[in-house]
Amino acid sequence: MTERIVVVAAALYDGDRLLAARRSAPPELAGRWELPGGKVERGETPEQALSRELREELGVAAEVGERVPGEWPLKPPYVLQAWRARLLPGSPDPEPLQDHDELRWLTPDELGDVDWLDQDVEAVGALKLLRGAGLQ
């Protein structure tokens, strides 16, 4: 049996606003929006991987909080898991450094305004079910 590979995503909050990142690659994903993150590497916990990915992709220092309930299948053997996160005090503002060409902070009313990747639609839906989803 093939070992599954976990891809972690950050529900990165600023108050009640959620950060969305528009993919610039690969071509089949370009132009669609996602929660930023990436693959867990050997020897990392999902939380460590997410912190590293946010630093590499967005240039930020973030505190990873609780896991969002659920797990969403990607192309086998990958699965997506999401965690709530917030920027640490003194962190620079996020910038699209790798894999993205645009970032947007979305209010709860704007979550449907972007073309989310299919699995991210489900993850964002799970966030909506959480009361007070943003980390204060």
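Predicted model: local features only at pLDDT ≥ 70, side-chain atom pairs only at ≥ 80, totals over all residues.
Trainee: Okay, how many helices and strands does the chain have?

Mentor: Helices (H or I, at least four residues) and strands (E, at least two) are DSSP runs, numbered from the N terminus. Here you get 2 helices and 8 strands, and reading along the sequence gives β-β-β-β-α-β-β-β-β-α.

Trainee: What does the radius of gyration say about the chain?

Mentor: That radius is taken over C-alpha atoms, and the globule rule is 2.2 Å times the number of residues to the power 0.38. For 136 residues, a compact globule would come out near 14 Å, and the chain has 14 Å, so the two agree. Its C-alpha trace spans about 40 × 30 × 30 Å along the principal axes.

Trainee: What share of the residues counts as buried?

Mentor: Buried means under 20% relative accessible area, exposed is over 50%, and partly exposed is in between (1.4 Å probe, protein chains only). In this chain, 40% of the 136 residues count as buried.

Trainee: And which residues touch the most other members of the largest nonpolar core?

Mentor: A nonpolar core is a set of buried Ala, Val, Leu, Ile, Met, Phe, Trp, Tyr and Cys residues joined through side-chain atoms within 4.5 Å. The largest one has 20 residues, and Leu18, Leu35, Trp72, Trp116 and Leu127 touch the most other members. Strand E1 (5-14), E2, strand E7 (78-87) and helix H2 (118-129) each supply at least two of its residues. There's also a second, separate core of 17 residues, including Val6, Val8, Ala62 and Val64.

Trainee: How do contacts work, and which residues does Leu35 touch?

Mentor: Contact means heavy atoms within 4.5 Å. Setting aside residues up to four places away in sequence, Leu35 touches Ala9, Ala10, Ala11, Leu18, Leu19, Trp116, Asp120, Ala123, Val124 and Leu127. Across the chain, among contacts between residues at least 6 apart in sequence, 69% join residues at least 24 apart.

Trainee: Let's look at Arg23: buried or exposed?

Mentor: Arg23 is buried, because its relative accessible area is 13%. You'll find Arg23 in strand E2 (residues 17-23).

Trainee: What does the side chain of Arg23 make a polar contact with?

Mentor: A polar contact is a pair of N or O atoms within 3.5 Å; within protein, one must be able to donate a hydrogen and the other to accept it, and residues adjacent in sequence count only if both atoms are side-chain atoms. The side chain of Arg23 has such a contact with the side chain of Glu34 (3.2 Å), and the Arg23 side chain also reaches the backbone oxygen of Ala25 at 2.4 Å.

Trainee: And Gln81, where is that one?

Mentor: Gln81 is in strand E7. Gln81 counts as buried because its relative accessible area is 5%, and its side chain makes a polar contact with the side chain of Glu71 (2.6 Å). Among the residues Gln81 touches are Val6, Val8 and Trp72.

Trainee: What sits over the ring of Trp83?

Mentor: A charge sits over a ring if NZ of Lys or CZ of Arg is within 6 Å of the ring centre and within 35 degrees of the ring normal. The charged end of Arg67 sits over Trp83, 5.6 Å from the ring centre. Arg104 lies over the face of Trp33, at 6.0 Å from the ring centre.

Trainee: Last topic: which residues are joined by a cis peptide bond?

Mentor: Most residues other than glycine have a negative phi, and most peptide bonds are trans. In this chain, a cis bond joins Ala25 and Pro26, with omega about -10°; Pro26 lies in the loop between E2 and strand E3 (33-34). Another cis bond joins Pro76 and Pro77, with omega about 10°, and Pro77 is in the loop between strand E6 (72-73) and E7.

Trainee: What about the phi of Asp99?

Mentor: Asp99 has a phi near 70°, a positive value in a residue other than glycine. Asp99 lies in the loop between E7 and E8, and is partly exposed because its relative accessible area is 34%.

Key
Residues numbered from 1 in each chain as written. Heavy atoms only, no water.
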